[in-house]
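Student: Please take one part of this model and go through it closely. I would like to know how its pieces are arranged and what touches what.

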Amino acid sequence: MKRQYNIIPNYYSPMCGDWGNGLIESYESSHGIIYRGCNFHCGFCNNSFHKKDLYKEYTTDEFIANLIGLMPHSKHFKFSGGEQTINPFLKEDLRIVKELGGYTFLDSNGSKPQVIKELINERLVDVLGISLKGLTADEAANVSHVRKTELCWENVLETIKIASQTSDTRVIITYVFFNSADIHTLEKFARIIEEYDNVILKLNNLLHDKHHMDDLKPIDHSYFMNFIHTFIDNNPQWKGRTIIVNTEKAITNYGDIIFM
């Protein structure tokens, strides 16, 4: 069996930004290592709309050769998806990046805390991005289309707890805002996350045109920014610990990410 990825050179803007502490320069893009498989079917996701032929098979030697070719442009690699923790090659490939002198950013839905714990304990993840799919167990199940709330709620909070207890991994928690979400939604999200130390909030307005659920709409961009400013003013503990992605441009263009 071979690993299967869509490898996109110099694609992602660095969400760490000026908080890098030498980890990554603000101008340095991350190479995308995209895995197609997923154990969720989130309403706001567009992963299944990606063409299958974008994903190529790689032997270990071919994968290493690709990384070596990308290293002169950036040493930062973002493992995203899909859900990488169901990728049987994840651990091996993170280790390959680290042994080549690279830095690793892992995106996850947080459904497999023991996998994340093992990767963190072996110091294979520099930055961990976890997406919270809802603000209650039932809401998370509805958005992720997962029957067992343990997978999309209890496990996710356990993953955040595990990751937040290490000083070697920076942890970014994402929530996607859509439809009627407002400052009360943000306040509830922050209350859930505030008990965990050393985490960063990432607030995403709904992105992309196609989604698995048809009735989703983004928040008005100005309204979104206004209630975030009000929230930060009222909750100064999150100042310097909040990232805002208000447009698709922020995915690839560092200048379009907003740091607060």
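Tutor: Two strands pair if DSSP finds at least two bridges between them, and the strands (E, at least two residues) and helices (H or I, at least four) are DSSP runs numbered from the N terminus. This is a predicted model, where local features need pLDDT of at least 70 and side-chain atom pairs count only at pLDDT 80 or more, while totals for chains, interfaces and linings use all residues. Residues are numbered from 1 along each chain as its sequence is written, and side-chain values use heavy atoms, with hydrogens and water left out.

Start at the end of the sheet. Strand β9 (residues 242-245) pairs with β10 in the antiparallel sense over two bridges, and Ile243 is opposite Phe259 in β10. Both strands belong to an open sheet of ten strands with mixed pairing, in the order β3-β1-β2-β4-β5-β6-β7-β8-β9-β10. Its edge strands, β3 (56-58) and β10 (258-259), each pair on one side only.

Now the helix on the sheet. Helix α5 (residues 149-164) lies across β6 (127-131), β7 (170-177) and β8 (199-205), at about 160 degrees to β6. Axes here are lines fitted to C-alpha atoms, for helices over the stretch in contact, with angles from 0 to 180 degrees between N-to-C directions. Contact means heavy atoms within 4.5 Å.

Helix α5 also packs with a neighbour. The axes of α4 (residues 137-144) and α5 come within 8 Å and cross at roughly 125 degrees. That makes α4 oblique to α5, because angles under 35 degrees count as roughly parallel, over 145 as roughly antiparallel, 65 to 115 as roughly perpendicular and the rest as oblique. On the α4 side, Ala137, Asp138, Ala140, Ala141 and Ser144 meet Thr149, Cys152 and Trp153 of α5. By class, this contact has five nonpolar, two polar and one charged residues (Ala, Val, Leu, Ile, Met, Phe, Trp, Tyr, Cys and Pro count as nonpolar, Asp, Glu, Lys and Arg as charged, and the others, Gly among them, as polar).

A further helix pair can be read in the same terms. Helix α6 (residues 183-193) and helix α7 (residues 221-234) have axes that come within 9 Å and cross at roughly 45 degrees. So α6 is oblique to α7. Ile183, Leu186, Glu187 and Ala190 of α6 make the contact with Phe227, Ile228, Thr230 and Phe231 of α7. These residues divide into six nonpolar, one polar and one charged.
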